[in-house]
Amino acid sequence: MKARPKFIAVLVAAAIAALGGCAALEEPAASDLAPRRIAEVRGAGGGSQRTVAVVLGGGGLRGFAHVGVLAALEEAGIRPDLVVGTSAGAVVGAAYASGMAPARIRSAALGLELASLLDFTWRRGGWIRGESLAHWIDTITAGVPIEQFPVRFAAVATDLRSGEAMVIEQGPAGRAVQASSAVPGMNVPIDYPGGQLVDGGVTSLVPVRVARALGADVVIAVDVYCQGPRADGSRIPTIVSRVMQTQSCLLAAADLSEADLVIAPAVAAPALFAGSAHEHTIAEGYKAARKALQELSGPLHGRDG
């Protein structure tokens, strides 16, 4: 009886940063998202001051490392004008752009009972709804819509039919994060007027190009997935995991090449229930960011003073 829940927990931990809690049969709530393609996005850069963006990539529970990275950036006096996130990066990015300090995000993340967020469903298209994740995000961001965040924020998802990256800058933060984190085959796709949305990592694991389209002059990209250890062994789940990581990281290389600074902590995905491992992942993100900033040849601040 214990093996099956453990197997499910391992799959979830490898896929997304936070998930959802009780079995359900009802239809998901209608989506009120209005995502746009990258070609439709209009940037806000070009002024006398540089627009600095922090881009937080996907990577499941490795996303705890983003919290440490943000803490190190703030210590260095770097506060972005724009935050863009995919999947786990959208989870942390939404919290940060809503005005939460890294220390508060850390407390909220470590205090969250991840297993309590599994909301199973029997609908076709996926077996996790993601509604509980959306509710948690809306709770910690006080229900403020994305367009009213003190820091400009965008979550990145993927249109299931066209295979295009979609940029979400308006509407409920929880629903945007739910769409950005909807792992294909695991999570139920999120409906919107133009189709259905799934995990942004399918098309834009570390969405540097989205940040550029939104007007970023300087981009600090955080990759928590591609430098981590790869699964070892010959069992089918291990082989699938290695192939997925290889494909995702080959795709991410083009985005990363356009960043001004890449912070890439080499973290493994911690177990779903391992609280101390989550703290270690945060610490590794902090260390990687400090090291990357020390190696800079020039400042990355976007504002004078």
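Here is a short chat about helix packing and salt bridges in this predicted model.

Biologist: Hi! How do α2 and α3 pack, at what angle and how far apart are their axes?
Modeller: Helix α2 (residues 64-75) and helix α3 (residues 88-97) pack at an angle of about 40°, and their axes are 10 Å apart. The two helices are therefore oblique to each other.

Biologist: And which hand is the crossing of α2 and α3, left or right?
Modeller: α2 passes α3 in a right-handed crossing. On the α2 side, the contact is made by His66, Val67, Leu70 and Glu74, and α3 brings in Ala88, Gly89, Val92 and Tyr96. Those residues divide into five nonpolar, two polar and one charged.

Biologist: New topic: how many salt bridges are there in the whole structure?
Modeller: A search finds eleven salt bridges. One of them joins Glu131 to Arg175, with the closest N and O atoms 3.1 Å apart. Glu131 lies in helix α5 and Arg175 in helix α6, so the pair ties together parts that are 44 residues apart in sequence.

Biologist: Are Glu131 and Arg175 buried or exposed?
Modeller: Both Glu131 and Arg175 are buried.

Biologist: What does Arg209 pair with?
Modeller: Arg209 forms a salt bridge with Glu258, the closest N and O atoms being 3.0 Å apart. Arg209 is in helix α7 and Glu258 in the loop between α8 and β9, so parts 49 residues apart in sequence are tied together. Arg209 counts as partly exposed at 41% relative accessibility, and Glu258 is partly exposed too, at 32%.

Biologist: Which residues are linked in a network of salt bridges?
Modeller: Arg36, Arg152 and Glu169 are linked that way.

How values were computed
Residues numbered from 1 in each chain as written. Predicted model: local features only at pLDDT ≥ 70, side-chain atom pairs only at ≥ 80, totals over all residues. Heavy atoms only, no water. Axes fitted to C-alpha atoms, helices over the stretch in contact; angles between N-to-C directions. Helix = DSSP H or I, 4+ residues; strand = E, 2+ residues; numbered from the N terminus. Parallel < 35°, antiparallel > 145°, perpendicular 65-115°, else oblique. Left-handed = near helix turned anticlockwise from the far one by under 90°. Contact = heavy atoms within 4.5 Å. Nonpolar A, V, L, I, M, F, W, Y, C, P; charged D, E, K, R; others polar. Salt bridge = Lys/Arg side-chain N within 4 Å of Asp/Glu carboxyl O. Buried < 20%, exposed > 50% of the residue type's maximum accessible area, 1.4 Å probe, protein only.
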